[in-house]
Amino acid sequence: GVEPPIQNMIRNGLIDEGVFSFYLSSSALKKGELLIGGIDEDKYTGEMFYQDLSSQTYWEIAIDGVDINGASVSKVKNAIIDTGTSLLVGPKKEVRAIAKKVGAKCSFLTGECMVDCSARSSMPTIDIKFGGKTFPLTPEAYVLDVEGQCLFGMMGMDIPAPA
């Protein structure tokens with residue numbers, strides 16, 4: 001088989017640790033960053049958290065739930081952690097239900113959901129739970145301002161299981 005790049009870099013003494021980290025800026029004025037072989041501790045606050053993969057297909061992890069105001073809004077038990085998109089993607093039916101709970105209006109043609117920008121401050125927090133921890137997503141994190149219009153940062157997509 002082919003040796004994974006990070007293992008190859010460790011074997012060749014190019015990096016010390018078998019980790020990589022991303023810094024994703026919420027401002028167009030700051031550049032993002034991919035750091036291979038370490039973590040830039042100036043780019044985050046709090047305690048670092050690691051979650052084991054539940055499958056090596058994609059970057060899949062087991063999740064404990066998704067709640068709004070303490071009530072479960074999802075039956076999904078697995079999630080894919082992916083930096084390749086700025087949207088959270090979930091099953092269409094569940095995303096529509098979550099969008100409705102936060103006040104977003106969805107287009108059946110495009111699947112995109114919009115919110116009233118002036119309502120952002122009164123929208124609820126979405127709690128994503130995995131690894132025994134709760135990760136709160138505030139409206140500032142899940143509503144994207146796209147040229148003066150506010151896009152709900154979730155999109156419905158029914159992804160078939162890997163073959």
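Contact here means heavy atoms within 4.5 Å. The model is predicted.

- Four strands make up an open sheet, in the order E5-E4-E10-E11, with antiparallel pairing.
- Strand E5 (71-72) and strand E11 (133-137) are the edge strands, and each pairs on one side only.
- Five bridges join strand E10 (residues 126-130) to E11 in the antiparallel sense.
- Ile128 has Phe135 in E11 as its bridge partner.
- Helix H2 (residues 92-102) lies across strand E4 (65-68) and E10. H2 runs at about 25° to E4.

**The nonpolar core**
- The largest nonpolar core has 22 residues. Ile98, Val102, Ile126, Tyr142 and Phe152 touch the most other members.
- At least two residues each come from E4, H2, strand E9 (113-115), E10 and strand E13 (149-152).
- H2 gives the most to this core, namely four residues.

**Met155**
- Met155 sits in strand E14 (residues 154-156).
- Met155 counts as partly exposed because its relative accessibility is 22%, and the buried class is under 20%.
- Setting aside neighbours within four places in sequence, Met155 is in contact with Leu87, Leu88, Val89, Gly90, Val95 and Gly111.
- Met155 and Val95 are 60 residues apart along the chain, yet 6.5 Å separates their C-alpha atoms.

Notes
Residues numbered from 1 in each chain as written. Predicted model: local features only at pLDDT ≥ 70, side-chain atom pairs only at ≥ 80, totals over all residues. Heavy atoms only, no water. Buried < 20%, exposed > 50% of the residue type's maximum accessible area, 1.4 Å probe, protein only. Pairing = 2+ DSSP bridges. Axes fitted to C-alpha atoms, helices over the stretch in contact; angles between N-to-C directions. Core = buried A, V, L, I, M, F, W, Y, C linked by side-chain atoms within 4.5 Å.
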